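Please keep the sequence and the coordinates at hand while reading.

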Amino acid sequence: MSSSSSNSEESSERKTVTIRGLSTDIYGRVSRLAKETGTTVGEIVNEALRRYIATLENISKAIDNMIRAGDVVMISGVSSLTVTRADLESLDKPVVFRDMDELAFADDVNNDLIKNKVARIVNVNTVYVPKSVSTLLIASKSEFVKKIVPR
């Protein structure tokens, strides 16, 4: 489907919607941006959501390709998980952690283990890391992680 037909379909399906739970601060910022750029709140939100969805789809495709190629192990859907040095060393492939509330790395995990054994951390609310592990290293392997907390 071409981009222009997609846009015409989108415009014909437009309607007024209410978004529950939208931060008033975010709405205010988007509203100001719309005024400054001569666009509408709807256009900005549509573009932001389009980009967000594309990003998620690209991440999913990349991870699916790694899994199909047998390059990684996937751990997902666990609410809370603590990972030790022995856990990471027992894996013969790097691991992707995905869709979790909390992921904690035990104190015996170090930067080298993270570099070599953690492929990606995706859609995890909070990642707890030992103070000896670089939070920037964790961030470089993360997508849609809300908080990285040294402990």
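Valine 109 counts as buried because its relative accessibility is 1%, which falls under the 20% limit used for that class. The model is a predicted one, and in it valine 109 sits in the loop between β3 and α5.

**Valine 109 and its surroundings**

- Leaving aside neighbours within four places in sequence, valine 109 is in contact with Val83, Thr84, Arg85 and Leu88, and also with Ile114, Pro130, Ser132 and Val133.
- Between valine 109 and glutamate 89, which are 20 residues apart along the chain, the C-alpha separation is 9.9 Å.

**Leucine 88, a contact partner of valine 109**

- Leucine 88 belongs to helix α4, which covers residues 85–90, and leucine 88 is classed as buried because its relative accessible area is 0%.
- Once neighbours within four places are set aside, the contacts of leucine 88 include Val109, as well as Val83, Val95, Phe97, Phe105, Leu113, Lys117 and Val118.
- Threonine 24 is 64 residues away from leucine 88 along the chain, and the C-alpha atoms of these two residues are separated by 42 Å.

**The nonpolar cores**

- Which residues touch the most other members of the largest nonpolar core? In this core of 19 residues they are Leu88, Phe97, Leu103, Phe105, Ile121 and Val127.
- Two or more residues of this core come from each of β3 (95–105), α5 (111–117), β4 (118–129) and α6 (135–140).
- Apart from this core lies another one, made of 6 residues, which include Ile63, Val72, Val96 and Ala119.
- Phenylalanine 105, when residues up to four places away in sequence are not counted, touches Val83, Leu88, Phe97, Ile114, Val118 and Ile121, together with Val127, Tyr128, Val129, Pro130, Ile138 and Arg151.

- Aspartate 99, found in strand β3, has a phi near 60 degrees, and its relative accessibility of 35% is the reason why it counts as partly exposed.
- Phenylalanine 144 lies in strand β5, residues 142–150, and has a positive phi of about 55 degrees although it is not a glycine.
- With a relative accessibility of 29%, phenylalanine 144 likewise counts as partly exposed.

**Two further partly exposed residues**

- Aspartate 112 and alanine 86 are 26 residues apart in sequence, while the distance between their C-alpha atoms is 13 Å.
- Threonine 40 is placed in the loop between α2 (24–37) and α3 (41–68), where it counts as partly exposed at 41% relative accessibility.
- The C-alpha atoms of threonine 40 and valine 30, which lie 10 residues apart along the chain, are separated by 8.9 Å.

**Secondary structure and overall form**

- The protein contains 6 helices and 5 strands, and their order along the sequence follows the pattern α-α-α-β-β-α-β-α-β-α-β.
- The radius of gyration of the protein is 20 Å, whereas a compact globule of 151 residues would have a value near 15 Å.
- The C-alpha trace spans about 55 × 35 × 25 Å along its principal axes.

**Burial, surface and charge**

- Of the 151 residues in the protein, 26% are buried.
- The protein exposes about 9,900 Å², and carbon and sulfur atoms supply 51% of this area.
- There are 21 positive and 20 negative side chains in the protein, and the centres of these two sets lie 4 Å apart.

Note on methods
Residues are numbered from 1 along each chain as its sequence is written. This is a predicted model: local features need pLDDT of at least 70, side-chain atom pairs count only at pLDDT 80 or more; totals for chains, interfaces and linings use all residues. Side-chain values use heavy atoms; hydrogens and water are left out. A nonpolar core is a set of buried Ala, Val, Leu, Ile, Met, Phe, Trp, Tyr and Cys residues joined through side-chain atoms within 4.5 Å. Buried means under 20% relative accessible area, exposed over 50%, partly exposed in between (1.4 Å probe, protein chains only). Helices (H or I, at least four residues) and strands (E, at least two) are DSSP runs, numbered from the N terminus. Contact means heavy atoms within 4.5 Å. The radius of gyration is taken over C-alpha atoms; the globule rule is 2.2 Å times the number of residues to the power 0.38. Accessible areas come from the Shrake-Rupley method with a 1.4 Å probe; for residues, only the protein chains shown count as cover. Lys and Arg count as positive and Asp and Glu as negative; His and the chain ends are not counted. The place of a charge is taken as NZ of Lys, CZ of Arg, CG of Asp or CD of Glu.
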